[in-house]
Amino acid sequence: MNHRSPVGFFWNSPYRMEKTLKNFIWVITTGIILFMMFFPIFWMVSISLRTNQEVFLIPPRMFPSSINVNAYLAIFQDPVLLIGIRNSLIVSSVTTLFALAIALFAAYGMSRYPFRGKKVLMFYILSTQMVPIILLTLPFYQYFLRLGLFDTIWGLMIAYVSLSLPFCTLSLTGFMNSVPHSLDEAARIDGCSILGAVLRIIVPVAKPGLVATGIFAFITAWNEYLFAGVLTISRSTRMLVVYIASKVGEYDINWVELMAVTVISSLPLIFIYLFLQKSFMRGITSGAVKM
Amino acid sequence: MIRKNTKLGIMFTAPLIIFLALTTFFPLLHVIITGFYRNYLPERGAVFVFFENYKIIFQDQDFMQALANTAVYVLSVTALHLLLAVALAVFFDRHTQIIGKIAYLVRGIIIIPWLLSWTVAAAIWLLILNPSGVLSSVLVYLGLTPRLHIWLGDPDYALTWIIIITVWKSLPFFFMLTYAALMTVSSELYESANIDGASHWQQFWSITLPMIKQTLMTLAVLDIVWCIRQYEVIAFTTGGGPLGSTRTLSIKIYQTAFENLRFGLASAQGVVVLLICSVIAMIYIKVHTQSEVKQ
Amino acid sequence: MLMLLNHLKEEKMKKKSVVVCIVLFSCIAGVLFAGGAREEEETVNLRLWGWTFNRSDGASIHPITEAYMEENPHVKIELMETNWNEAYNEIILMSQSGNMPDLFLVNRNWLQDFIQMGVLEDLTDRVEAMGMNDRFYEPLLGEHEGRTWILPYMGGNSSLVINRGLFEELGLEPPRTMDEFVQIGKEISDPGRNFFATAFCMSEANVTGANVCNFGPILYSFGGRYVDGQRAAFNSPEGIKAMQWMIDLEKEHEIATPGSITIDAVRMREIMAAENVLMTFDGAWGTPFYANYPELEIDYALMPEDESIGTVINIACWGLSESSENKEEAWDLLQYIYEEENLKLLNADGNMPITPSIGELPENQERYAGFLETLAASDNFFRTGSVPNESELYRLIVRAYHEAMLDRKTVEDALNDAADSYQQILDRFYAQ
């Protein structure tokens with residue numbers, strides 16, 4: 001029996017009652033948090049299966065009176081949805097790759113070669129995040145226009161890499177700091193190059209952090225709205241998030257389609273995440289730690 | 001064994017430095033410079049006025065209220081994020097054996113709020129918090145309130161709900177990163193602690209927390225900065241009302257720039273935000289490097 | 001020996017990372033400077049910008065532009081679109097970056113700002129030469145201080161939206177005066193069943209909607225005005241009476257749905273569609289929403305009268321860019337858009353008629369009777385875009401409403417304070 005499992009504790013402990021009570025409180029608190037997390041999601045799915053008129057009902061109904069999938073059929077017939085999904089996937093993937101590559105190098109440098117001026121560099125990295133984005137739209141707009149990047153997905157990629165880089169760098173530095181220095185020193189003595197040490201030793205050990213950071217970069221690019229809304233303007237560069245927001249109109253909100261398109265666009269991300277969860281496992285790394 | 005090697009350090013960080021300089025740092029300078037101009041619009045009739053905009057800011061009651069609201073909003077959201085994220089991460093780490101496969105799925109579903117765009121998140125909550133929405137209706141049905149309560153129209157509660165929406169939306173992200181940080185803590189440390197007979201609580205304080213402290217600090221400082229930037233949720237739900245109880249700095253700046261078209265003043269307000277964030281960043285860097293030296 | 005090997009490895013590694021850095025840089029630089037070149041073409045490119053092109057009520061622009069391109073092969077029309085929520089930001093950014101489209105939609109309440117910014121071409125001479133202004137309903141004209149800047153397109157004026165089916169069921173007639181409105185409300189409202197006479201949309205999340213749908217029309221019906229000459233005038237006795245009337249409806253008589261300070265215009269229409277209210281104050285811009293629910297028997301009635309019949313005119317218009325390089329072609333296209341056949345297409349998409357020639361068609365006389373009657377009968381109306389810094393005016397009024405609603409101030413004090421603040425803006429504006 002695993003030492004750290006509460007069941008194990010329950011049977012081994014002389015204070016069974018106290019333990020169960022503690023566990024009970026844990027489960028209840030977590031349960032409440034989980035309910036608060038899940039209810040809006042349930043509500044979203046429930047709304048996507050109604051007619052628009054049923055959404056307005058006062059008092060609202062918990063479940064739709066009859067399942068109505070018209071919204072799903074309608075949005076799948078809309079070619080802009082596919083354009084949006086395609087653009088968002090391309091932009092988010094490229095953003096993630098670039099952000100991770102640049103951040104990995106910077107994090108390695110900051111973690112392994114603490115140089116003079118590192119504090120200044122950290123401040124510099126953070127300072128780029130400190131002004132409300134709304135103020136940055138005007139300079140970005142002007143620069144992109146001058147460089148011919150306006151209304152292209154390339155421009156958005158650059159903007160998004162710059163948005164996610166600061167977090168990616170600091171987060172990866174933290175994860176690398178938690179990898180013992182002796183590990184890559186040992187690898188170096190064994191004849192690895194620095195790049196080899198990064199790829200073969202640090203990346204596997206810091207994998208959960210790397211995956212989490214990568215997901216962050218992906219979702220940041222996926223959900224960013226302000227730049228996507230004003231820096232692209234034609235149909236072929238429409239991002240998914242802009243398409244979703246187009247359901248919130250001038251005089252009405254198409255609730256059912258808004259929720260349906262959100263459900264559809266979340267599904268692939270959830271599957272990707274479930275797939276990547278395997279890397280959030282302890283134990284794979286413990287072999288490396290023993291080296 | 002830590003070697004100081006400035007050359008290698010700079011070389012590794014050079015791509016980052018240059019990329020950020022090209023993309024964000026110059027726009028930032030643009031904002032700082034605009035802050036010294038009085039203008040109805042940037043392209044027309046810009047007059048250099050030194051600190052006039054800053055004088056206007058500090059005589060503005062609305063700005064001060066926005067500053068106070070922002071402080072409450074940012075601090076509560078950050079504290080709740082970290083607290084709940086650590087609690088959830090520890091819970092899932094410890095109880096994985098009991099719920100097994102379900103935990104796997106729950107961890108998958110729990111990230112949904114973070115996958116939603118801010119507009120959608122705000123829209124869902126607007127449906128729940130409407131005067132005749134789910135929450136009010138359920139409370140009346142259960143007999144907890146005599147009549148429909150107007151949550152977002154109540155100056156005492158509106159900001160609380162904005163905080164809850166923000167926490168709800170990005171908690172999964174903080175959970176995910178805390179959980180990832182927890183996973184990099186070697187299980188051998190726990191095993192030896194178990195042999196020594198340390199309780200869960202002791203283990204948490206002496207092993208878990210020190211190991212994930214750096215991640216938490218990074219999360220905290222960035223959360224503060226992001227919350228100060230937060231705009232969509234408030235604009236979509238309350239627009240800063242009622243009675244300015246949810247008007248934060250970014251809402252104020254948006255209104256100054258795009259509604260009143262006073263970009264100079266708005267930029268100056270942005271610079272005030274920048275200065276506040278700088279102080280927070282300096283504290284973070286100081287603590288961060290100290291903890292690194294200890295390591 | 002080992003150390004030397006290691007040293008060599010390190011050298012090699014340095015080279016490697018240098019190579020990686022160079023690759024990264026060139027990628028960034030490539031991305032940064034790629035695509036800068038623009039193709040030169042002999043044909044004339046016209047860029048049209050708006051926020052309605054993908055909507056059902058704005059769909060007519062596609063057949064119109066396609067037909068135009070077929071008739072004029074040398075013209076290539078590019079449609080550019082931004083979502084409504086970002087539309088104003090986008091056009092401001094466009095104008096400040098020298099990226100103005102040739103023709104663009106202008107919501108009438110932006111007019112003052114746009115004239116100030118100098119982005120609109122003065123259309124007065126062109127319009128006079130064609131006699132174009134004689135075609136439109138006179139109050140809808142895109143005039144400001146005697147000059148024509150824009151041409152009306154989608155939208156119209158505000159009036160009373162009623163649920164004809166419910167009225168008939170209850171055996172009632174639409175109210176003709178504000179007092180009758182209250183009377184009907186007291187008769188039919190039932191807070192226990194969540195049924196009310198009306199809903200107000202005074203949320204700060206949409207201050208424009210709050211004013212053009214609700215407060216504006218009511219203020220003008222009570223005989224008040226937003227601005228008189230160069231003075232803020234909404235704190236006049238009429239203004240106080242109008243706001244007090246709205247607040248009493250919700251708090252005193254309980255005949256308006258509770259929570260007006262969190263309800264925005266969209267929510268107000270949803271409450272109407274859920275049949276929880278009998279009637280709302282709303283504009284012709286809301287008609288495409290009701291068109292989605294044909295089974296509801298929504299109809300439009302004459303604005304209830306008090307001192308006068310008041311209305312607010314808020315309409316999306318076409319403007320010609322001052323910096324356009326193809327003004328003649330753009331003006332030609334604009335005239336084509338306003339040809340009778342194309343206006344019929346626009347009307348068929350569910351938009352209020354903007355010319356008497358279309359409005360006099362029998363189906364429109366029936367369908368839009370309430371709006372057209374109000375437009376003809378109104379002796380006290382407000383055209384959006386005719387006062388400086390209008391969004392600040394709207395925000396101040398919504399805040400005053402909130403203060404009075406939440407018992408922080410009396411209506412009179414709240415409106416007086418708001419008027420003082422707005423007067424400062426007016427003084428600064430006219431001092432220039």
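Reply: In this predicted model, helix H17(C) passes helix H18(C) in a right-handed crossing. H17 spans residues 390–405 of chain C and H18 spans residues 411–431 of chain C. Their axes come within 8 Å and cross at roughly 160 degrees. Angles over 145 degrees count as roughly antiparallel, and H17(C) and H18(C) are therefore roughly antiparallel to each other.

The residues that make this contact can be named on either side. H17(C) contributes C:Glu392, C:Leu393, C:Leu396, C:Ile397, C:Arg399, C:Ala400, C:Glu403 and C:Ala404. Facing them, H18(C) contributes C:Val411, C:Ala414, C:Leu415, C:Asp417, C:Ala418, C:Ser421, C:Tyr422 and C:Ile425. Sorted by class, the contact of H17(C) with H18(C) holds 11 nonpolar residues, one polar residue and four charged residues.

Chain C is divided into domain 1, made of 44–155 and 315–367, and domain 2, made of 157–314 and 377–431. The centres of these two domains of chain C, taken over C-alpha atoms, are separated by 28 Å. Where the domains meet, domain 1 of chain C supplies 14 residues and domain 2 of chain C supplies 16 residues. The side of domain 1 that touches domain 2 in chain C consists of six nonpolar, six polar and two charged residues.

Chain C also touches chain A, in a contact that takes 42 residues from chain C and 34 residues from chain A. On the chain C side, the elements that give two or more residues are helix H1 (2–33), strand E2 (75–81), helix H3 (84–96), helix H10 (265–273) and helix H11 (287–291). H1(C) gives the most to this side, with 10 residues. By class, the side of chain C that touches chain A has 18 nonpolar, 15 polar and nine charged residues.

A further contact joins chain B to chain A, with 95 residues from chain B and 90 residues from chain A. Helix H1 of chain B, residues 6–34, provides the largest share of the chain B side, namely 17 residues. The residues of chain B that touch chain A divide into 58 nonpolar, 28 polar and nine charged.

How values were computed:
Residues numbered from 1 in each chain as written. Chains lettered and ligands numbered in written order. Predicted model: local features only at pLDDT ≥ 70, side-chain atom pairs only at ≥ 80, totals over all residues. Axes fitted to C-alpha atoms, helices over the stretch in contact; angles between N-to-C directions. Helix = DSSP H or I, 4+ residues; strand = E, 2+ residues; numbered from the N terminus. Parallel < 35°, antiparallel > 145°, perpendicular 65-115°, else oblique. Left-handed = near helix turned anticlockwise from the far one by under 90°. Contact = placed C-beta atoms within 7 Å. Nonpolar A, V, L, I, M, F, W, Y, C, P; charged D, E, K, R; others polar. Domains from an automatic or database assignment.
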